[in-house]
Amino acid sequence: MNTSNFKIDMQCPRCGAPVVLDESECIVQCGFCRTRHALHTDPFPCYYIEPGPKMPAATEPLYVPYWRFRGMEFSLDKASPGFRVIDHSCLAVNTKGLPPSLGLRPQARPLKFIGKDTNGVFLPPDISGKTALKQMTGEGEDKIYIGETLSLIFMPLFRNSNVLCDGLTGIPVSISVSDLPAEKKAPGHQLSFTPCLCPDCGWDLKGRTDSLVIHCSNCTKFWLIRNKKLNRIEAAFSASNPDTKILMPFWRLQVEFNLITCSTYADLIKIANIPKAVQEEHKKQLLYFYIPAFKINPKLFLRIAKQMTLSQISSVPAEKIPEIEFHPTDLPLDEGAQAVFPALAEMAGHRKETINSLKKEKLKIHAFSLMYISFQESGSEYAQKEMGISLPKNALQKGFKP
Ligand SMILES: [Zn+2]
Ligand SMILES: [Zn+2]
């Protein structure tokens, strides 16, 4: 397993200058014309690996697709939620004789987005992303994937008389041209971009290039990159402390379950066995799930989601954007919502019972917003003293990696 990020060679959508994008980045920042653009790759990014020098210059490359997944897997088929980190690739066509996975190839050569004028012939995938994920992770219906980066990566082959060769190493692969499916067409979806300017007032939006949420210091609005546009999102802050060092983003979700009764704080007191007597006011207090909107290893992720949700912290709407570092929001909203099940399983007093109900459960999101919680610096950690949460700095750097 190798979890290092891939690099993508691309061009600034405004001036065409070369930009090297890290796979984790969703904003293209041009060092030449100084513009920033949100990058939309929906439904998933499609890359190709540039052929290496072993491929003869005048040859037309033939590209074979591979699915790649990266994220956390939570399984609900155990007494407590099990989890692991996944980073795999697998062949996306049913053709024997091709390398089963990409291995280290994407690290050896830069990736590029497929464009209309990309030279080469592309084989379309005939295995769906869902089927491929099952093949990579084993059978089992009760698995939830969070923070997965699903992408399609095309590997080059070339024809040397009648032999097909690996476009990077030049070594022949053990299939011939006639073994490959006849249909050859590059995937249709194209990249699109939105300038990082406030849709309301036109100011430059602030935020790191790997953050899905960016903000306007002029009109105090927050914008979420989703569905090929910038979407207005409500953001609130925890009561701030004078020695706040960093603001950590959390998805604040109000949800409805189909079977389980868990919509008020009174319900949570019962489900999580909180040592508190249920009061009338608890029955009226809406319950919010707080899910980390950042990537961190599964064990900490679940623990923080539990601590934050149990605390039901109150918020203060922002009148002015604080001049403090914002940790990037790099876990998409939809994946935050998927984390509600494992988070609830983690909190439940009767885990087995709750997990069994969750297997049949359906979730509806009633409301969502982003909540920034202030953390102080404490040696090699960021600490939230009121809630007793500490985040090791190196765990934040490593993302999903344990
Ligand atoms: Zn530019
Ligand atoms: Zn604005």
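Predicted model: local features only at pLDDT ≥ 70, side-chain atom pairs only at ≥ 80, totals over all residues.
**Stop 1**

Select Arg34, in the loop between strand 3 and strand 4. Arg34 has 11 other C-beta atoms within 10 Å, so this residue is exposed. Look at its backbone too: phi is near 65°, a positive value in a residue that is not glycine.

Strand 4 (residues 36–40) is joined to strand 14 by four bridges in the antiparallel sense. To see where the two strands face each other, pick Ala38, which stands opposite Thr194 in strand 14.

**Stop 1: a cis peptide bond**

Move along to Pro43, found in the loop between strand 4 and strand 5 (46–49). Zoom in on the peptide bond from Asp42 to Pro43: it is cis, with omega near 0°.

**Stop 2: the two domains**

Zoom out and colour the protein by domain: domain 1 covers 42–179 and domain 2 covers 234–398. Their centres, taken over C-alpha atoms, are 35 Å apart. Where the domains meet, twelve residues of domain 1 are in contact with 18 residues of domain 2. On the domain 1 side, select strand 6 (62–75), strand 7 (82–91) and strand 10 (143–146), each of which supplies at least two of the touching residues. By class, this side has nine nonpolar residues, two polar and one charged.

**Stop 3: the largest nonpolar core**

Which residues touch the most other members of the largest nonpolar core? Select Ile153, Phe250, Ile291, Ala305, Ala343 and Leu344, out of 96 residues in this core. Strand 6 gives the most to the core, with eight residues. Both domain 1 (42–179) and domain 2 (234–398) give residues to this core, so it lies between them.

Stay with Phe250 for a moment. Setting aside residues up to four places away in sequence, Phe250 touches Tyr290, Ile291, Pro292, Ala293, Met308, Met371 and Ile373.

**Stop 4: Pro181**

Next, find Pro181 in the loop between strand 13 (172–176) and strand 14. Is Pro181 buried or exposed? Pro181 counts as exposed, because 11 C-beta neighbours lie inside 10 Å. Apart from neighbours within four places in sequence, Pro181 is in contact with Val93, Leu123 and Asp126. Draw a distance line from Pro181 to Ile291: their C-alpha atoms are separated by 44 Å, and the two residues are 110 apart along the chain.

**Stop 6**

Select the open sheet with the order 15-16-17, whose three strands are paired antiparallel. Strand 15 (213–216) and strand 17 (229–233) stand at its edges, each with a single partner strand, so one side of each is left without a neighbour in the sheet. From one strand to the next, the twist averages 35°. Strand 15 is joined to strand 16 (residues 221–226) by four bridges, and the two run antiparallel. Highlight His215 and its bridge partner in strand 16, Phe222.

**Stop 5: another positive phi**

Asn273 lies in the loop between helix 3 (265–271) and helix 4 (280–284). Its phi is near 55°, a positive value in a residue other than glycine. Asn273 is exposed, with 12 other C-beta atoms within 10 Å.

**Stop 8**

Finish at strand 24 (residues 381–384), where Tyr382 and Gln384 make up the covered face, and Glu381 and Ala383 the uncovered one. Strand 23 (residues 363–378) runs antiparallel to strand 24, and three bridges join them. Here Gln376 stands opposite Ala383. The hairpin of these strands has two residues between them, and Gly379 takes a positive phi near 60°.

Tyr382 stands opposite Leu391 in strand 25. Four residues lie between the strands of this hairpin, and Gly388 in the turn has a positive phi of about 65°.

Definitions and conventions: Residues numbered from 1 in each chain as written. Chains lettered and ligands numbered in written order. Domains from an automatic or database assignment. Contact = placed C-beta atoms within 7 Å. Nonpolar A, V, L, I, M, F, W, Y, C, P; charged D, E, K, R; others polar. Pairing = 2+ DSSP bridges. Core = buried A, V, L, I, M, F, W, Y, C linked by C-beta atoms within 7 Å. Buried ≥ 20, exposed ≤ 12 C-beta atoms within 10 Å, placed from the backbone. Axes fitted to C-alpha atoms, helices over the stretch in contact; angles between N-to-C directions.
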